[in-house]
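This report describes one protein model for a reader who has not seen it before. Please look over the sequence and the structure before reading on.

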Amino acid sequence: MKLLVVSDNHGRLANLRKIIRKTGKVDALFHLGDLCMTKRDIEALVDCPTYFVAGNNDYSAELENEHTIRFMGKRILMVHGHYHGVYYGLERLATRAMYRDIDIVMYGHTHQPSIDVIGSVTLINPGSVERPRQDPPHPSYITIDVDDAGAFHFKINYLLS
């Protein structure tokens, strides 16, 4: 099973389309906010279940600020990160996740991709599809391969062209 995790496309679809083409068929898409458009615009790009949360630039009532789901045996917390102080570290978010028995936290907002493990929680940030802030500044996203044993394998990917 292949999962796609993206964030921060800020109203633009060109790079997201390229990422979806490059990634190929995915079994689920997770978007971590700052869509700056309706979720239907993004849902139209894929033929799989989609999950969304609102970012600090999303003002639609159709998006929640956080979403917890059980997926393939894992408890996943989706947030954008602007309410969790992610610019100042991940400990607060990780502690909150551990308290709630969360296995994986997906967050955005910083526009910098990362995969971190704090205690029993894996925290992933796909970076930004449109406004990357890492060096070099390539749009980024995360793919998750779930193997036959149910183990999640995370990979940061970059859109280079």
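## Terms and basis

A polar contact is a pair of N or O atoms within 3.5 Å; within protein, one must be able to donate a hydrogen and the other to accept it, and residues adjacent in sequence count only if both atoms are side-chain atoms. The model is predicted, and local features need pLDDT of at least 70, side-chain atom pairs count only at pLDDT 80 or more, while totals for chains, interfaces and linings use all residues. Residues are numbered from 1 along each chain as its sequence is written, and side-chain values use heavy atoms, with hydrogens and water left out.

## Thr 143

Thr 143 is found in strand S9; helices (H or I, at least four residues) and strands (E, at least two) are DSSP runs, numbered from the N terminus. At 9% relative accessibility Thr 143 counts as buried, where buried means under 20% relative accessible area, exposed over 50%, and partly exposed in between (1.4 Å probe, protein chains only).

The side chains of Thr 143 and Asn 157 are joined by a polar contact of 3.0 Å. Contact in general means heavy atoms within 4.5 Å. Beyond its neighbours within four places in sequence, Thr 143 is in contact with residues including Leu 3, Leu 4, Thr 23 and His 153. Thr 143 and Val 6 are 137 residues apart in sequence, and their C-alpha atoms are 8.9 Å apart in space.

## Parallel strands

Strands S1 and S2 run parallel and are joined by four bridges; two strands pair if DSSP finds at least two bridges between them. Val 5 has Phe 30 as its bridge partner in S2. S2 and strand S3 (residues 50-52) also run parallel, with three bridges between them, and here the bridge partner of Phe 30 is Tyr 51.

S1, H1 and S2 make a right-handed β-α-β unit. Right-handed means that, with the strands pointing away from the viewer, the path from the first strand over the helix to the second runs clockwise. In a regular strand the side chains alternate between the two faces of the sheet. From S2 (residues 28-31), Ala 28 and Phe 30 point one way and Leu 29 and His 31 the other way, and all are buried.

## Nonpolar cores

A nonpolar core is a set of buried Ala, Val, Leu, Ile, Met, Phe, Trp, Tyr and Cys residues joined through side-chain atoms within 4.5 Å. The largest one has 19 residues, and among those with the most contacts inside it are Leu 4, Val 6, Ile 19 and Leu 29. Strand S1 (2-6) and helix H1 (14-23) are the elements that give two or more residues to this core. H1 gives the most, with three residues.

Leaving aside its neighbours within four places in sequence, Ile 19 is in contact with Leu 4, Val 129, Tyr 141 and Leu 159. A second, separate core of 17 residues includes Leu 3, Ala 28, Phe 71 and Ile 144.

## Backbone exceptions

Most residues other than glycine have a negative phi, and most peptide bonds are trans. Asp 34 has a positive phi, near 60 degrees. Asp 34 lies in the loop between S2 and helix H2 (39-43) and is buried, with a relative accessible area of 2%.

His 109 also has a positive phi, of about 75 degrees. His 109 lies in the loop between strand S6 (104-106) and strand S7 (113-118) and is buried at 13%. The peptide bond from Asp 135 to Pro 136 is cis, with omega near 0 degrees, and Pro 136 lies in the loop between strand S8 (121-126) and strand S9 (140-146).
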